[in-house]
Amino acid sequence: MRLLLFFIFFLFPGFLSGAERCHPSDKTALLKYKNSFANPDQILLSWHPDFDCCDWKNPFLVGEIPPAIGKLTNLVSLDLSWNNISGSVPAFLANLKKLWFLDLSFNKLSEIIGIDLSRNQLTGSIPESFGHFQGTVPTLVLSHNKLSGEIPASLGNMNFARILISRNNFSGSALMFFKASKTSDTIDISRNNFAFDFSEASFMEQTLVELDISHNKIWGSIPSRITDCVMLQSLNVSYNRLCGKIPSGWKMKYRSEPFDNTSYLHNRCLCSSPLEPCLPYLQTLRLRKNPYLVGEIPPAIGKLVNLVTLELSWNNISGPVPQFLANLKNLWFLDLSFNKLVGTIPASLSFLPQILEIDLSRNQLTGSIPDSFGHFPGKAPSIILSHNKLSGQIPTSLNNMDFSRVMLSRNEFSGDALMFFNASKTTEIIDISRNSFAFNFSRAGFMHETLVTLDMSHNKIWGTIPSSITDAILLQNLNVSYNRLCGKIPSDWNLKYRSQPFDNSSYIHNPCLCGSPLPPCKP
């Protein structure tokens, strides 16, 4: 197929003679293109300065796209398709500011070095395909447009040398650009609507030179590992929602002075040099046994982001367990017991990365345990949900967790609870009493070195008591009464802190359990 070069020129009176339709500067640029070939008169015979360039014929082209094309600044359409053009897609095509259509298809182009579409009026989002470049990953320069939406997750696959997407309307996360394994030297995502936890960012310690995340809604703290970026020369994290102490101990190779306050100002609660000194933050809040503490938990509690302990027990607090508690990323202990809370358990509580104990007992909660409680990011916490109106089956995902304490008594749970009985776990307390659990207890495993209390009374559990329970050397409290168990009660206990075996109150009201301390088994 022949090459079609279609030029639309913006001409003004006086620039051209009446007979000549081709602008002189365009003719000059095209003649330079012709002369870039080794045998120009054989390939581009009709491209002669004596003829109007609008009448020149097109040949079958080979070689690289020459810089002269970048001088054709009035081009609206450039079609170089179906040729043998090779090399890379040149960055100088970005000079063609009036270009509407660009077609380089069906050639032998090898790679794109850079994409610069900055300072236009582009709308929409970044294509998902930008996460699947073949060969060398180009620079990404999309600043000063009207682009919007979230960054496609696929861009996390790419190692962009430069990322300049400032002054758009992007939102969501940009953490895919912050990975220590990448080699980006410039990241500028400023003046957008990005919102993500900056404390999860990693950095290119040997390559990052410029970082600008200013004028967004980015929260969290500045990770101390940023100080290992030895090449960093420019930093701006201002006008965000960052908190915590500004890292010190920079190891910058080409900058002798630390960054001044303009790099950090207008954040929610950043502190330390070059800003104001850090003040201690509230870490423990205990408001308990106060009958006059009524109403719902106020949203202001969700702003106490440095809390480690939140105890609001034994009050008259009502309403739901609020979603904003998931903002307390430093929380270890959450105790809302002995209140009048209603509604379901928020799945977002499982997003607390450092939580060690969740106590929602003695409320009026309904619904089931969220499936997300099988996916806590850190160490599995104690879950204390006793004395509520919870129901349904236990999610199988909880089998993934090694809970320290499981206390689900006096609810309306049903089905299986064997996921809590596994010899490889380190659970200390299992109390699933006074529910409607129904499963084969013969299949249970036990935590030989950690189990202290086991209460599964008042359920519909069947099968036998496994003999392996006698190897639970720390067991001090046992209650399997009021179930549907059968068979001989195991003997030969190896209890470390209990000198006497368990009495009959641990076993009564099962249809056919036998052996000491109950009546002997019939032959």
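This is a predicted model: local features need pLDDT of at least 70, side-chain atom pairs count only at pLDDT 80 or more; totals for chains, interfaces and linings use all residues.
A residue is termed buried when its relative accessible area is under 20%, exposed when it is over 50%, and partly exposed in between. The sulfur atoms of Cys514 and Cys521 lie 1.8 Å apart, and the link is right-handed, with 90° about the S-S bond.

A search of the whole structure finds four disulfides, among them the bond between Cys271 and Cys278, for which the S to S distance is 1.9 Å. The link of Cys271 and Cys278 is likewise right-handed, with 90° about the S-S bond; Cys271 counts as buried at 5% relative accessibility, while Cys278, at 31%, counts as partly exposed.

A further disulfide is formed by Cys486 and Cys512, with their sulfur atoms 1.4 Å apart. The torsion about this S-S bond is about 50°, so the disulfide of Cys486 and Cys512 is right-handed. The pair links distant parts of the chain, 26 residues apart, with Cys486 in strand β35 (residues 484–488) and Cys512 in strand β36 (residues 512–514). Cys486 counts as partly exposed at 25% relative accessibility, as does Cys512 at 35%.

With regard to surface charge, Lys217, Arg241, Arg268 and Lys303 gather in a patch of positive charge. Within this group, Arg241 belongs to strand β16 (residues 241–245) and is partly exposed, with a relative accessible area of 37%. Cys229, by contrast, is buried, with a relative accessible area of 0%.

How values were computed: Residues are numbered from 1 along each chain as its sequence is written. Side-chain values use heavy atoms; hydrogens and water are left out. Patches are made of residues with over 30% relative accessible area and no salt bridge: like charges are joined within 9 Å, nonpolar side chains (Val, Leu, Ile, Met, Phe, Trp, Tyr) within 5 Å. Accessible areas come from the Shrake-Rupley method with a 1.4 Å probe; for residues, only the protein chains shown count as cover. A salt bridge is a side-chain nitrogen of Lys or Arg within 4 Å of a carboxyl oxygen of Asp or Glu. Lys and Arg count as positive and Asp and Glu as negative; His and the chain ends are not counted. The place of a charge is taken as NZ of Lys, CZ of Arg, CG of Asp or CD of Glu. Helices (H or I, at least four residues) and strands (E, at least two) are DSSP runs, numbered from the N terminus. Buried means under 20% relative accessible area, exposed over 50%, partly exposed in between (1.4 Å probe, protein chains only). A disulfide is a pair of cysteine sulfur atoms within 2.5 Å.
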